[in-house]
Amino acid sequence: MEKKNIVIVGGGITGLSAAYYLKKLIQSKSLPYTFKLIEASYRLGGKIQTIKRDGFTIEKGPDSLLERKPSAIKLVKELGLEDEMIHNATGQSYILAQNKLHPLPKGTYMGVPKDKGALMSSSLLSWKGKIRALNDLVLPKSNNDGDQSLGKFLRARFGNETVDMQISPLLSGIHSGDIDEMSINATYPLFYQLEQKYGSVMKGLQKTMPSTKKKNKKQKGAFFSFENGLETLIHRLVEEIDKESISMQKSVDHIEKKEHGYHILLSNGDVIKADTVIMATQHDVVPKIFSQFEFFKTLQEIPLTSSANVVMAFDEKAIKNKVEGTGFQVARNSNKYRITACTWTNKKWPTTTPKGKVLLRCYVGKPTDQGIVDLSDEEITEIVINDLKQVMKIKGKPEFTIVTRWKDSRPQYTVGHLDRIKKVKENIAEQLPGVYLIGSSYDGSGIPDCIASGENIAHEVLNNLA
């Protein structure tokens, strides 16, 4: 069998997952293939970054993984990290609206009510809004076969009030985007599928979503991390991959197609020859690297949003927060607040915080307020504390503050996203055989989605090279 060389561009969770599964498959099948992972920055892991300070465990990026996503838990088990897993503390979550923290009603899925009880118990909605939302139970199913915005679909089913006050804070917050721009097919096709099958989103959720009520048994949190932080996963992946297969602080300037394979030109002047190239970078990098191929310009139609998070540590005597819960989202139609959400980290993840201390993590960067990310650390922190003081009693200044910016780092799956990606990949298959695109820009932005795409591409690459 002919020797082949595979190059992975990008050392985030997607690229690392691809490298891990490639190595595993190559070894199990005794294949004469080699691979090299190239990362432009000084560190691996992308947005996953854990730091320790004064006894606190602090996440600068995502703080957990969703356990029900099989790709993540499968990888954790393969890496032998099960004994280090910790689950989030369960507790009430809230939505900040009309100058008050409102409990997110039980019996909802991503803010979408599953039944009448969940709708009627919501303190977020007026009676007029609740009655309008009940129309979902009697409205005929839609006949839109193409893509549409998630907001448009949900507004038609539940009305503007329910979407703005209860659903959008969660769905927009998760994606750092605008629910009225998000593609339903690319983000939450489940809602449309339930409506088509059951004639109602609520009826569909009742039929398909398990009840969360468990008698005499404390419910386990749906999310997990590790005792020493989420970056534990990155460190273990790197150990398994082998550092000799990883090249850091070298960016890819250009990739040229040759008669046989590709030449990869690095920023230090080196050239690497590859039979296969896996692009595990953010999509906006790709058109620059393959500048001679016009069809990649379609990727420039994928918008990017920016956000920042502010971690603040306090002595517990400086904070009066008697609300039982793990945090809150902010209603997106509220112009009073510039924060989008706040996690009471010491309550959600108790092991992250020393006894007698409080750890808060707040987020800014609404689609309509992108400029806030460019303010100074001091300015952002002042805005966050002023907003928090509207709902919590805070005395004095934080013991320390850490501001993390994610500039142009959240790809937005707007209407038509799947068609755009399909078209680009069809062009790649025709004009650039052996080149693959994977990562959060394309087929799912969550960490488990990225892990799954890394595993899937490893199988696809080896099948095509055989």
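Visitor: Is Ser168 buried or exposed in this structure, and what is the relative accessibility behind that label?
Guide: In this predicted model, Ser168 is found in helix 6, which covers residues 160-175. Buried means under 20% relative accessible area. Ser168 therefore counts as buried, its relative accessibility being 4%.

Visitor: Which residues is Ser168 in contact with, once its neighbours within four places in sequence are left aside?
Guide: Ser168 has its place in helix 6 (residues 160-175), and contact here means heavy atoms within 4.5 Å. With the neighbours within four places set aside, the residues in contact with Ser168 are Val163, Gly173, Ile179 and Arg332.

Visitor: What is the relative accessible area of Ser17, and is Ser17 buried or exposed?
Guide: Ser17 is found in helix 1, residues 13-28. Leaving aside neighbours within four places in sequence, Ser17 is in contact with Leu75, Cys450, Ile451 and Gly454. Ser17 is classed as buried because its relative accessible area is 0%.

Visitor: How many Å apart in space are Ser17 and Gln370, C-alpha to C-alpha?
Guide: Ser17 belongs to helix 1 (residues 13-28), and along the sequence Ser17 and Gln370 are 353 residues apart. In space, taken from C-alpha to C-alpha, the separation of Ser17 and Gln370 is 31 Å.

Visitor: Is Lys130 buried or exposed, and at what relative accessibility?
Guide: Lys130 is found in helix 4, residues 127-133. Not counting residues up to four places away in sequence, Lys130 touches Leu119, Met120, Ser122 and Leu125. Lys130 counts as buried because its relative accessibility is 6%.

Visitor: Which backbone oxygen does the side chain of Lys130 reach, and at what distance?
Guide: Ser122 is one of the residues that Lys130 touches when residues up to four places away in sequence are not counted. The C-alpha atoms of Lys130 and Lys114, 16 residues apart along the chain, are separated by 13 Å. The backbone oxygen reached by the side chain of Lys130 is that of Ser122, at 3.0 Å.

Visitor: How many Å separate a polar atom of the side chain of Arg236 from the backbone oxygen of Leu79?
Guide: Arg236 lies in helix 10, residues 231-241. Not counting residues up to four places away in sequence, Arg236 touches Leu79, Gly80, Leu81 and Glu84. From the backbone oxygen of Leu79 to a polar atom of the Arg236 side chain, the distance is 2.5 Å.

Visitor: With the side chain of which residue does the side chain of Asp374 make a polar contact?
Guide: The place of Asp374 is in the loop that runs between strand 21 (357-364) and helix 13 (377-388). Asp374 counts as exposed because its relative accessibility is 53%. The C-alpha atoms of Asp374 and Pro411, 37 residues apart along the chain, are separated by 19 Å. At 2.8 Å, the side chain that makes a polar contact with that of Asp374 belongs to Lys407.

Visitor: What is the phi value of Gln249?
Guide: Gln249 lies in the loop between strand 12 (246-248) and strand 13 (252-257). Gln249 is exposed, since its relative accessible area is 59%. Phi of Gln249 is a positive value in a residue other than glycine, near 55°.

Visitor: What is the phi value of Asp408, and where does Asp408 have its place?
Guide: At a relative accessibility of 40%, Asp408 counts as partly exposed, the class that lies between buried, under 20%, and exposed, over 50%. Phi of Asp408 is near 45°, a positive value in a residue other than glycine. The place of Asp408 is in strand 23, residues 400-411.

Visitor: Among contacts between residues at least 6 apart in sequence, what percentage joins residues at least 24 apart?
Guide: Of the 466 residues of the chain, 55% count as buried. The chain exposes about 21600 Å², of which carbon and sulfur atoms supply 49%. Among contacts between residues at least 6 apart in sequence, the share that joins residues at least 24 apart is 74%.

How values were computed:
Residues are numbered from 1 along each chain as its sequence is written. This is a predicted model: local features need pLDDT of at least 70, side-chain atom pairs count only at pLDDT 80 or more; totals for chains, interfaces and linings use all residues. Side-chain values use heavy atoms; hydrogens and water are left out. Buried means under 20% relative accessible area, exposed over 50%, partly exposed in between (1.4 Å probe, protein chains only). Accessible areas come from the Shrake-Rupley method with a 1.4 Å probe; for residues, only the protein chains shown count as cover. Helices (H or I, at least four residues) and strands (E, at least two) are DSSP runs, numbered from the N terminus. A polar contact is a pair of N or O atoms within 3.5 Å; within protein, one must be able to donate a hydrogen and the other to accept it, and residues adjacent in sequence count only if both atoms are side-chain atoms.
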